[in-house]
Amino acid sequence: MSSETCTNTTWRHGAKPVIGLIGAIGAGKSTAARCFATFGGQMIDADALGHEALTQPEIIQEAVARWGESVRKPDGSLDRRAIARIVFADAKERSHLEAIVFPHIRNRCVEEIQQGMANPAISFVVLDAAVMLEAGWDNVADRLVYIDAPRAIRLARLGQRSGWSESDLEAREAAQWPTEIKKSRADRVIINDASPEALRQQIASLLNEWSIMCAPQSTHEAFRGVAASNTC
């Protein structure tokens with residue numbers, strides 16, 4: 001596939017579009033992001049940048065000042081599970097956490113987007129950021145895609161991956177905007193309820209429709225190898 005975009009469109013950050021991924025918890029946004037990347041995109045994982053944020057000395061200091069030494073591990077790093085227990089039980093505490101970590105995550109996202117704009121080997125950037133709308137970052141992306149799957153499938157995935165119960169899922173969902181509002185803000189909804197190949201076909205069709213993929217994708221063989229492990 002060509003490393004150039006198909007049109008001469010100028011997007012928000014330059015010559016390449018940024019596709020923002022939002023979606024239901026457990027619907028497979030990260031899998032979808034990896035799948036987008038097989039078509040020549042650069043993937044940015046906002047969740048990983050959130051973990052990075054919690055390693056910053058000034059953020060550690062603010063967290064300990066707010067919640068005490070109980071949120072710090074013996075090695076001095078923050079205990080993300082301890083913080084999660086606090087913030088998902090109290091909206092005020094969650095807002096405080098967001099206030100101290102969201103600016104770092106957004107700045108790092110913009111840095112990585114600019115790197116993608118400067119990299120001739122990629123055709124677009126895909127930003128996997130579950131709370132993009134809640135954080136007010138939707139203006140960072142040129143297009144928004146909502147990844148969805150039936151609740152039973154999502155709960156099964158979360159149970160297998162993280163040991164979550166339905167109450168765990170409900171607590172996380174309560175911290176995000178309602179599904180229908182998010183869907184209404186998205187440019188497209190993709191249902192990830194079948195095989196990796198089915199997901200890939202939907203993504204290929206979307207990129208062609210949006211004239212982002214300049215040539216028929218040439219990563220089928222590479223995709224097969226990762227599809228065998230149930231990821232894109």
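I started with a cut-off: a residue is buried under 20% relative accessible area, exposed over 50%, and partly exposed in between, with a 1.4 Å probe and protein chains only. By that rule R81 is exposed, because its relative accessible area is 69%.

**Ground rules.** I am looking at a predicted model, where local features need pLDDT of at least 70, side-chain atom pairs count only at pLDDT 80 or more, and totals for chains, interfaces and linings use all residues. Residues are numbered from 1 along each chain as its sequence is written, and side-chain values use heavy atoms, leaving out hydrogens and water.

**Entry 1, the positive patch.** I placed R81 in helix α4, residues 80-87. Helices (H or I, at least four residues) and strands (E, at least two) are DSSP runs, numbered from the N terminus. Which residues gather in a patch of positive charge on the surface? I found K73, R80, R81 and R85 there. Patches are made of residues with over 30% relative accessible area and no salt bridge, with like charges joined within 9 Å and nonpolar side chains (Val, Leu, Ile, Met, Phe, Trp, Tyr) within 5 Å. The areas come from the Shrake-Rupley method with a 1.4 Å probe, and for residues only the protein chains shown count as cover. Lys and Arg count as positive and Asp and Glu as negative, while His and the chain ends are not counted. I took the place of a charge as NZ of Lys, CZ of Arg, CG of Asp or CD of Glu.

**Entry 2, strand β1.** Next I looked up β1, residues 18-23, and found six of its six residues buried. In a regular strand the side chains alternate between the two faces of the sheet. I checked both faces of β1: V18, G20 and I22 are buried on one side, and I19, L21 and G23 are buried on the other.

Which way do its neighbours run? Two strands pair if DSSP finds at least two bridges between them. β1 and β3 (residues 124-128) run parallel, joined by four bridges. I19 has V126 as its bridge partner in β3. β1 also pairs with β4 (residues 143-148) in the parallel sense, over five bridges. On that side, I19 partners R143 and I22 partners Y146.

β4 runs parallel to β5 (residues 188-191), and four bridges join the two. I picked out I147, which lies in β4. Is I147 buried or exposed? I147 is buried, at a relative accessible area of 0%. Its bridge partner in β5 is I190. I also looked at I147 and I191, which are 44 residues apart in sequence but 6.0 Å apart in space, C-alpha to C-alpha.

How many salt bridges does the rule give? The count comes to 15.

One of them joins the side chains of R66 and E93 at 2.9 Å, N to O. This pair links distant parts of the chain, since R66 sits in helix α3 (residues 57-67) and E93 in helix α5 (residues 91-118), 27 residues apart. R66 is partly exposed at 34% relative accessible area, whereas E93 counts as buried at 14%.

Another joins E134 and K182 at 3.0 Å, N to O. Here E134 is in the loop between β3 and β4 and K182 in helix α8 (residues 179-185), 48 residues apart. K182 is buried, with a relative accessible area of 1%.

I then found D138 and R185 meeting at 2.5 Å, N to O. D138 lies in the loop between β3 and β4 and R185 in helix α8, so the pair ties together parts that are 47 residues apart in sequence. R185 is partly exposed, at 37% relative accessible area. I also noted one network, where salt bridges that share partners join E52, R108, E111 and E112.

Last, I looked at a backbone angle. S211 has a positive phi of about 55°, although it is not a glycine. S211 lies in the loop between α9 (196-209) and α10 (220-227). At 33% relative accessibility, I logged S211 as partly exposed.

Definitions and conventions: Salt bridge = Lys/Arg side-chain N within 4 Å of Asp/Glu carboxyl O.
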